[in-house]
Amino acid sequence: MRQHALLRLLLACFLFYVAWPSVQVQGSAAGSYFWMAWLIFLFMIIGANLALLLNLRVQLVYREEEVKEEKQFSLGKN
């Protein structure tokens, strides 16, 4: 899995390298919006693959677990 993330990261960097000269030569507002969207998408891909490589996990807290803990705490006081 890490090898795939590394390959995707390298591919994204290569595409950025190839596209960079075109980003600077834009003629219209539509072109600016396209490149801005493209760069945002590129940085999202780079961030996701870096998070996968660095094993960054999001800690999800489920509401059911919080309710159970609150009930146990309130029952312990009585």
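View 1. F16 is partly exposed, with a relative accessible area of 28%; here buried means under 20% relative accessible area, exposed over 50%, and partly exposed in between (1.4 Å probe, protein chains only). W20 is also partly exposed, at a relative accessible area of 39%. Both F16 and W20 belong to helix α1 (residues 2-24), where 4 residues, about one turn of the helix, separate them. Helices (H or I, at least four residues) are DSSP runs, numbered from the N terminus. The model is predicted: local features need pLDDT of at least 70, side-chain atom pairs count only at pLDDT 80 or more, and totals for chains, interfaces and linings use all residues. Residues are numbered from 1 along each chain as its sequence is written, and side-chain values use heavy atoms, with hydrogens and water left out.

**View 2. Aromatic pairs.** Rings of Phe, Tyr and Trp (its six-membered ring) are paired if their centres lie within 6.5 Å; planes under 30 degrees apart count as stacked, over 60 as edge-to-face and the rest as tilted. By this rule there are 4 aromatic pairs. One of them joins F16 and W20, a tilted pair with 5.5 Å centre to centre and 50° between the planes. Ring pairs link F16, W20 and F43 into a cluster.

**View 3. F34 and W35.** F34 is partly exposed, with a relative accessible area of 47%, while W35 is buried, at 17%. The two rings form an edge-to-face pair, 5.2 Å centre to centre with 70° between the planes.

**View 4. The largest nonpolar core.** A nonpolar core is a set of buried Ala, Val, Leu, Ile, Met, Phe, Trp, Tyr and Cys residues joined through side-chain atoms within 4.5 Å. The largest has 10 residues: A5, L9, A12, A19, V23, W35, L39, L42, I46 and L53. Two or more of these residues come from each of α1 and α2 (29-53). In soluble globular proteins, nonpolar side chains tend to be buried together.

**View 5. Helix α2 and its cover.** α2 has 25 residues and reaches 36 Å from its first C-alpha to its last, close to the expected 36 Å; the expected span is 1.5 Å times one less than the number of residues. Its buried residues are W35, L39, L42, I46, N49 and L53, and what covers them includes α1. Leaving aside neighbours within four places in sequence, L39 is in contact (heavy atoms within 4.5 Å) with F16 and V23. N55 follows α2 and has a positive phi, near 55°.
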